[in-house]
Structure formats: C-alpha cells, structure tokens
Amino acid sequence: MADTFKVEIVSADKLVWEGEAIQLTATTIEGEVGILAHHIPLIANLAPGRAEVTDSEGTLHTVAVDGGFISVTEELSAIISPYAQMAGDIDAKAAQRTLLDLQAKREAGDNSVATTMAIRRATAQVKAAELHTK
C-alpha cells in the first residue's frame, strides 16, 4: 500500500476537500506538479484549472481552482485558492454557457479585471467538469 499524506483544498470561503491522499496533482504557472508522500517542501503559484486528489482508497477527486497557490510541507499539502469547487458539483453546460458569454463580452471590448477573473473561473469550471465526466 502506498504511503499517504494529509491534503487540504481551501477556497476563500470554505474547506472544499480534506483527507489522506496517495497523490495530489495541480497545474502551476510553470507546469503540472505531482505530489506524493515525502515530497520535498514546495510553494508555487497555481494556474486556473483543476487539481486532482487520489485519496487513500484510490478514488480520484477533481476540483476546479481559480489560481492561488500550493504549499507542501512535511505535515500538510494544501491548495489555497480564491475559488475552488468539486467538479461533481459543477453544472458543465451552465459553465460552458457562462464561458461563451464572457468570451463574447471580452471580444466586444470589455477588458475589465472583473471579466478577466470571471473568464478564469469559468474556464476552470469547464476544465474540471469535462474531466469529471470522462
């Protein structure tokens, strides 16, 4: 049996997932990182997208994240993001419609920070939901 380690995924307003895991995967701004038990300490900026946790039972959990960072210590591996949501809780069709609407808004000239952040979040939701349904 593989060694396990403690994982927490936290959004700005709630604890999204916590438990013992055998693997954690996330996309940083420099590329994908995979974490196993006894990983060296790490802190990295996350890119919007998804994180995946394989729990101690072997079940894969996919989470949409909107940036933030990953921190790995001997005691805990944590993802802290302004927004995080379990992929199974995302309405994939609604997320896709929202993303298309936001992209149209951007093409019409709206380059505001709010629109940029909303596009990042919708993209993360779509990516996580697509992976979850496969």
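1. **Lys105 and its partner.** At 43% relative accessibility, Lys105 is partly exposed. Its salt-bridge partner is Asp110. The closest N and O atoms of this pair are 3.7 Å apart. Keep in mind that the model is predicted.

2. **The salt-bridge count.** How many salt bridges are there? The count comes to 6. The pair Lys105 and Asp110 forms one of them. Further examples follow in the next two points.

3. **A network of three residues.** Glu32, Arg50 and Glu52 are linked by salt bridges into a network. Look at Glu52 and Arg50 in particular. Their side chains meet in a salt bridge, at 3.7 Å from N to O. Is Glu52 buried or exposed? Glu52 counts as buried, because its relative accessibility is 16% and the cut-off for buried is under 20%. Arg50 has 23% relative accessibility, so it counts as partly exposed.

4. Asp66 forms a salt bridge with Arg120. Here the closest N and O atoms are 3.5 Å apart. Where do the two residues lie? Asp66 is in the loop between strand S5 (60-65) and S6, while Arg120 is in helix H2 (residues 113-133). The pair therefore ties together parts that are 54 residues apart in sequence. Asp66 is buried, with a relative accessible area of 1%. Arg120, at 30% relative accessibility, counts as partly exposed.

5. **Gln125 in the helix.** Helix H2 also holds Gln125. This residue counts as buried, at 16% relative accessibility. Which side chain makes a polar contact with the side chain of Gln125? That of Tyr83 does, at 2.7 Å. Now leave aside residues up to four places away in sequence. Gln125 then touches Ala64, Tyr83, Gln85, Ile90 and Ala95.

6. **Val72 in strand S6.** Strand S6 covers residues 69-72, and Val72 is part of it. Val72 is buried, with a relative accessible area of 3%. What does Val72 contact beyond its neighbours within four places in sequence? The residues are Ile35, His39, Ile40, Pro41, Leu42 and Ser77. Take Pro41 from that list. Val72 and Pro41 are 31 residues apart along the chain, yet their C-alpha atoms are separated by 5.0 Å.

7. **Ser77 in strand S7.** Ser77 is in strand S7, which covers residues 77-80. This residue is buried too, with a relative accessible area of 2%. Again, set aside neighbours within four places in sequence. The contacts of Ser77 are then Phe5, Lys6, Val7, Glu8, Leu24, Ile35, Ser71 and Val72.

8. **The largest pocket.** Rolling a probe the size of a water molecule over the atoms shows where empty space is left. The largest pocket holds about 160 Å³ of space. Its lining has 13 residues, and the closest to the centre are Ala37, His38, His39, Thr73 and Glu74. How do the lining residues divide? There are 5 nonpolar, 5 polar and 3 charged. One of the central residues links back to point 6.

Methods:
Residues are numbered from 1 along each chain as its sequence is written. This is a predicted model: local features need pLDDT of at least 70, side-chain atom pairs count only at pLDDT 80 or more; totals for chains, interfaces and linings use all residues. Side-chain values use heavy atoms; hydrogens and water are left out. Helices (H or I, at least four residues) and strands (E, at least two) are DSSP runs, numbered from the N terminus. Buried means under 20% relative accessible area, exposed over 50%, partly exposed in between (1.4 Å probe, protein chains only). Contact means heavy atoms within 4.5 Å. A salt bridge is a side-chain nitrogen of Lys or Arg within 4 Å of a carboxyl oxygen of Asp or Glu. A polar contact is a pair of N or O atoms within 3.5 Å; within protein, one must be able to donate a hydrogen and the other to accept it, and residues adjacent in sequence count only if both atoms are side-chain atoms. On a 1 Å grid over the protein atoms alone, a cavity is a set of points where a 1.4 Å probe fits but cannot get out, and a pocket is an open set with protein on both sides within 12 Å along at least five of seven lines; lining residues have an atom within 4 Å of a point. Grid points are joined across faces, edges and corners, and a volume is the space filled by probe spheres set on the points. Ala, Val, Leu, Ile, Met, Phe, Trp, Tyr, Cys and Pro count as nonpolar, Asp, Glu, Lys and Arg as charged, and the others, Gly among them, as polar.
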